[in-house]
Amino acid sequence: MTVHHPPPPTGDTASRATATGVPPSGDTAAGTPADQAPLAGRTALVTGATGQLGDAVCRLLAARGAAVVGVHRTPSERAEALAAGTGARLLRADLSDPDETAALLGRVRELGPAPDILVCAHGATARRPVLGGAYDAAAEQRLWQLNTGSVQQLAAAAAKRMMRAKFGRIVLFGSRGGATGMPGQPGYAAAKAALSGWAASAAWELGPFGVTVNVVAPGAVRARPEDAPVYSAEEDERAAGRTAVRRLAEPAEIAEAVGFLAAPGASYVTGQTLLVDGGARW
Ligand SMILES: NC(=O)c1ccc[n+]([C@@H]2O[C@H](COP(=O)([O-])OP(=O)(O)OC[C@H]3O[C@@H](n4cnc5c(N)ncnc54)[C@H](OP(=O)(O)O)[C@@H]3O)[C@@H](O)[C@H]2O)c1
C-alpha cells in the first residue's frame, strides 16, 4: 500500500494560506475570535434573500459575522424585516434576465467589497408534466434560465473576482429532486441536476485558487404559513414519512449546511452535492 505524506511546509503559515486558500488559524481580520464570528470581515452575496431558505441563510451568515448583501425581485415587508433584523443591504434584480444578472456584481461593488461568499438561493418550480400537453419551449427556457442559467452566469462572474483574492466559497441551491426526479416537475428537476455537474466542473478549475464550489440539495422543507403552498398537506405528509427523521426540514436546518460550506474551514470540500434531506429514502 502506498502511503501519501503531505508535502513539507515551504514557508510561514500566512504565505501558505495565500498559496492554497487555506485560512490561517487564530483571530479573524476584524480581531474577533474565529470561533465566535468565523465570517467576520467576509462579504456574502445571497440571492433569493426573501425566500424561506435565502432568508434563513442571510440570518445565519450575518450572525456569524458576514456583511450580507441580499438579492430579491419583489418589494416586500419580508425584505424590510430582513434588512432591519440583520443589517443586510438588499438589491432588487430579475435574475431571469441575463442582462440584469450580468449587472448585479457591479451593483454589489458600488456598496462595498466584492463577495467572498456567493449563495444562490433563488429559484422557482413549475408543474409541467412530461405528458401534460405540448412542450412549451419558451416556458421551459425561462425556467432553465432562472434555475440554472442565471446561477452559472453569476457564479462564473463571482468566481473570477474570488480567484484574484485567492479565497471564495460558492454554494448553489440544488434539490434532492435533481437526483431522484420530481414527478410533474421534470424541467425544474433537470435544471437542478445541471447545477451539480456545473459545480463539480467549476470546482476543478477553481480549486487551485482557494475557491470552493458546492451544491446544497434540500429535501422537503416546511413552508412558511404566509406563503402560497407549492405542495398539498397530503404531499407534505408523504414526504415527511419518507424521511429517516419523519418530518419536514426547518429552513434553519438547511441554512446550517450552507454555513458549513461557506466557512473558511470548509476549504477541502468542493465539487460536492450535499443532500440535506433528513435521510429521505424513496
Ligand atoms: N423549499 C423547498 O422545499 C426547496 C427544496 C429543494 C430546493 N429548493 C431550492 O432552494 C432555493 C430556495 O428555495 P425557497 O423555498 O427559499 O424559495 P422561495 O421561498 O420560493 O423563494 C424564492 C426566492 O427566489 C427569488 N426569485 C424568484 N424568482 C426570481 C427572479 N426572477 N429574479 C430574482 N429573484 C427571484 C424570490 O424573490 P421574490 O420573492 O422577491 O420574488 C425569493 O427570494 C431555490 O433554488 C429552490 O429551488 C427549495
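1. Two residues are in contact if their C-beta atoms, placed from the backbone, lie within 7 Å. With that cut-off, and leaving aside residues up to four places away in sequence, Val68 touches Ala44, Val46, Cys58, Leu61, Ala62, Thr86 and Ala88.

2. The model is a predicted one, in which local features need pLDDT of at least 70 and side-chain atom pairs count only at pLDDT 80 or more, while totals for chains, interfaces and linings use all residues. Residues are numbered from 1 along each chain as its sequence is written.

3. The protein chain comes to nine helices and seven strands, where helices (H or I, at least four residues) and strands (E, at least two) are DSSP runs numbered from the N terminus. Of its 282 residues, 38% count as buried; a residue is buried if 20 or more other C-beta atoms lie within 10 Å of its own, exposed if 12 or fewer, and partly exposed in between, with the C-beta atoms placed from the backbone. Among contacts between residues at least 6 apart in sequence, 69% join residues at least 24 apart.

4. Helix H2 (residues 52-63) has 12 residues and reaches 17 Å from its first C-alpha to its last, close to the 16 Å expected at 1.5 Å a residue, the expected span being 1.5 Å times one less than the number of residues. Nine of the 12 residues of H2 are buried, including Leu53, Val57, Cys58 and Leu61. After H2 comes Gly65, whose phi is positive, near 105°.

5. The largest nonpolar core has 55 residues, of which Val46, Val57, Leu61, Val68, Val119 and Leu172 touch the most other members; such a core is a set of buried Ala, Val, Leu, Ile, Met, Phe, Trp, Tyr and Cys residues joined through C-beta atoms within 7 Å. The largest share of this core, seven residues, comes from H2. Apart from it lies another core, of seven residues, among them Leu95, Leu146, Ala189 and Ala191. As background, nonpolar side chains in soluble globular proteins tend to be buried together.

6. Which residues are closest to the ligand? They are Gly48, Gly51, Leu53, Gly123 and Val221, out of 24 residues that surround the ligand, a residue being near a molecule or strand if its C-beta atom, placed from the backbone, lies within 6 Å of it. H2 gives the most to this shell, with three residues. By class, the shell has 11 nonpolar, 11 polar and two charged residues, where Ala, Val, Leu, Ile, Met, Phe, Trp, Tyr, Cys and Pro count as nonpolar, Asp, Glu, Lys and Arg as charged, and the others, Gly among them, as polar.

7. Helix H4 (residues 98-111) has a kink of about 35°, centred on Leu104; the bend at a residue is the angle between axes fitted to the seven residues ending there and the seven starting there. Thr101, Leu104 and Val108 are buried in H4, and what covers the buried residues of H4 includes strand S1 (43-47), strand S2 (67-72) and H5.

8. Gly278, in the segment after strand S7 (273-276), is buried, because 22 other C-beta atoms lie within 10 Å. Not counting residues up to four places away in sequence, Gly278 touches Gly219, Thr243, Ala244, Val245, Arg247 and Ala249.
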